[in-house]
Amino acid sequence: MHRGSILCIVHQRFSYPGRLGRLFMEQGFLLDVRCPQLGQTLPETPDAYAATLMFGGPMSANDEHLPGIAKELRWLEQNLHSTTPFVGVCLGAQILARVLGAEVMLHPEGYVEIGYCPIEPRAEGRQYFPAPLSHVFQWHKEGFDAPAGVVSLAKGNGAFENQFFRYGQSAYGIQFHPEVTLQMLKRWTIGGAHMLDMPGAMPRDEQIANHAIYDPPFGDWAASFVDGVIAKAEALGACKQRNAA
């Protein structure tokens, strides 16, 4: 049964919703993938969708000179209080943080987080971690201050403290990448090989080896989180029995 559509905002021609998209599709949702950076439009509001997912990319949330980023900043600011759940991943989380008034910036000592890195649930976030999760996949060089008025759900133990937060009842910022599959990891570590020499980056072979260790519980977490977003959408009346395209 068609349960509704998920608006997926990506930032490059060959960007994909990955595991998160698959998890929503397995539960009967269709994906409407849009890339403002390529000139594609966004709906005026997300109200016709069950949820909005905004993914990562090599741009910065500070790149207002790029039409796509400027468009996304304006769009999210206008729709921040929609009843449709919003999930920002990496760049998407940084755009959400910036819209909420936080600073998005490079690490002062040039560190990045690339590869599998430890995180720790905060007291308020333990409900989002029904099973132990020690490491998540990261790929970013910018971080953000905790925006005012958010609930911090998990922290990092490395160079970037703010990893997972909730704003209001249904807007989430996730610094790490629950959408990444092994195929995506391999592609990123080839296309982004120039970043693997930066301080804090895990070598490619180590990332691939760690995938077998850390991805099974990470995948379980992603499935649990998607279930929670769907439950939130249903509670807020955002799930609709029609195609929003």
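Start with the sheet. It is open, has nine strands and runs in the order E2-E1-E3-E4-E11-E10-E9-E6-E7, with mixed pairing. Two strands pair if DSSP finds at least two bridges between them. Neighbouring strands of this sheet are turned by 25° against each other on average, direction ignored. Helices (H or I, at least four residues) and strands (E, at least two) are DSSP runs, numbered from the N terminus.

This is a predicted model: local features need pLDDT of at least 70, side-chain atom pairs count only at pLDDT 80 or more, and totals for chains, interfaces and linings use all residues. Residues are numbered from 1 along each chain as its sequence is written, and side-chain values use heavy atoms, with hydrogens and water left out.

Select E1 and E2. They run parallel, joined by six bridges. Pick Ile 9: its bridge partner in E2 is Arg 34.

Now select E6 (residues 113-121) with E7. Six bridges join these strands, which run antiparallel. Ile 114 stands opposite Trp 139 in E7. Is E7 buried or exposed? Six of its six residues are buried, so E7 is largely enclosed by the rest of the structure. Buried means under 20% relative accessible area, exposed over 50%, partly exposed in between (1.4 Å probe, protein chains only). Colour the two faces of E7 separately. His 135, Phe 137 and Trp 139 lie on one side, Val 136, Gln 138 and His 140 on the other, and all are buried.

**Helix H1.** Select residues 18-26. The buried residues of H1 are Arg 19, Leu 20, Gly 21, Leu 23 and Phe 24. Their cover includes strands E1 (4-9), E2 (29-34), E3 (51-54) and E4 (86-89), along with helix H5 (204-236). Step just past H1 to Gly 28, which takes a positive phi of about 95°.

**H1 against H5.** Axes are lines fitted to C-alpha atoms, for helices over the stretch in contact, and angles run from 0 to 180 degrees between N-to-C directions. Angles under 35 degrees count as roughly parallel, over 145 as roughly antiparallel, 65 to 115 as roughly perpendicular and the rest as oblique. From H1, show Arg 19, Leu 20, Leu 23 and Phe 24; the H5 residues they meet include Asp 215, Phe 218 and Ala 222. Contact means heavy atoms within 4.5 Å.

**Asn 210.** Stay in H5, where Asn 210 sits. This residue is buried, with a relative accessible area of 12%. Not counting residues up to four places away in sequence, Asn 210 touches Tyr 116, Met 202 and Asp 215.

**H3 and H2.** Select residues 91-99. This is H3, which lies across E3, E4, E7, E10 (162-167) and E11 (171-174), running at about 115° to E4. H2 and H3 pack at an angle of about 60°, their axes 10 Å apart. They are therefore oblique to each other. Show Ile 69, Glu 72, Leu 73, Leu 76 and Glu 77 of H2 with Leu 91, Ile 95, Leu 96, Arg 98 and Val 99 of H3: these make the contact.
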